[in-house]
Amino acid sequence: MEAPVGTLVIDTARDRLGYVMGHEGPCVQLRPVAGGREWDADPAHVRRATDEERLRAVAERTRAMNSFSSGSIFP
């Protein structure tokens, strides 16, 4: 899948949501919705997020931002 940078996708091999950050060689580079270290995913296992997965991403990101603003450590 050749998704544009910034697209919310799911890496089905890892069941992880992430934003497309770029394409390097045969891999898609993804960043977790709550921030953090990017990972490389096989494009064959990447698809656009569904509406339900988008809601999950919003909840996860909100939780991370609340944790950060209160000085807590996000798991």
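Two strands pair if DSSP finds at least two bridges between them. Strands (E, at least two residues) are DSSP runs, numbered from the N terminus. The legends below concern a predicted model, in which local features need pLDDT of at least 70, side-chain atom pairs count only at pLDDT 80 or more, and totals for chains, interfaces and linings use all residues. Residues are numbered from 1 along each chain as its sequence is written, and side-chain values use heavy atoms, with hydrogens and water left out.

View 1. Strand E1 (residues 8–11) runs antiparallel to strand E2 (residues 16–24), and four bridges join them. Within this pairing, Ile10 stands opposite Leu17, and the bridge partner of Asp11 is Arg16. Four residues lie between the two strands of the hairpin, where Asp15 takes a positive phi near 55 degrees.

View 2. Six bridges join E2 to E3, and the two strands run antiparallel. Tyr19 of this pair stands opposite Arg31 in E3. The hairpin of E2 and E3 has two residues between the strands, and Gly25 takes a positive phi near 60 degrees there. E1 also runs antiparallel to strand E5 (residues 46–48), through three bridges; here Val9 stands opposite Arg48.

**View 3. The two faces of E1.** In a regular strand the side chains alternate between the two faces of the sheet. Both faces of E1 are covered, with Leu8 and Ile10 buried on one side and Val9 and Asp11 buried on the other. Buried means under 20% relative accessible area, exposed over 50%, and partly exposed in between (1.4 Å probe, protein chains only).

**View 4. Surroundings of Asp11.** Asp11 counts as buried because its relative accessibility is 0%. Its side chain makes a polar contact of 2.7 Å with that of Arg14 and another of 2.9 Å with that of Trp39. A polar contact is a pair of N or O atoms within 3.5 Å; within protein, one must be able to donate a hydrogen and the other to accept it, and residues adjacent in sequence count only if both atoms are side-chain atoms. Residues up to four places away in sequence aside, Asp11 touches Arg16, Leu30, Trp39, Ala41 and His45, contact meaning heavy atoms within 4.5 Å. Arg16 lies over the face of Trp39, at 3.8 Å from the ring centre. A charge sits over a ring if NZ of Lys or CZ of Arg is within 6 Å of the ring centre and within 35 degrees of the ring normal.

**View 5. The largest nonpolar core.** Eight residues form this core: Ala3, Val9, Val20, Val28, Leu30, Trp39, Ala41 and Val46. A nonpolar core is a set of buried Ala, Val, Leu, Ile, Met, Phe, Trp, Tyr and Cys residues joined through side-chain atoms within 4.5 Å. A second, separate core has six residues, including Ile10, Leu17, Ala49 and Ala57.

**View 6. Ala41 in strand E4.** Ala41 is found in E4 and is buried, since its relative accessible area is 0%. Leaving aside neighbours within four places in sequence, Ala41 is in contact with Asp11, Arg14, Cys27, Val28, Leu30 and Val46. The C-alpha atoms of Ala41 and Ala13 are separated by 8.3 Å, although these residues are 28 residues apart along the chain.
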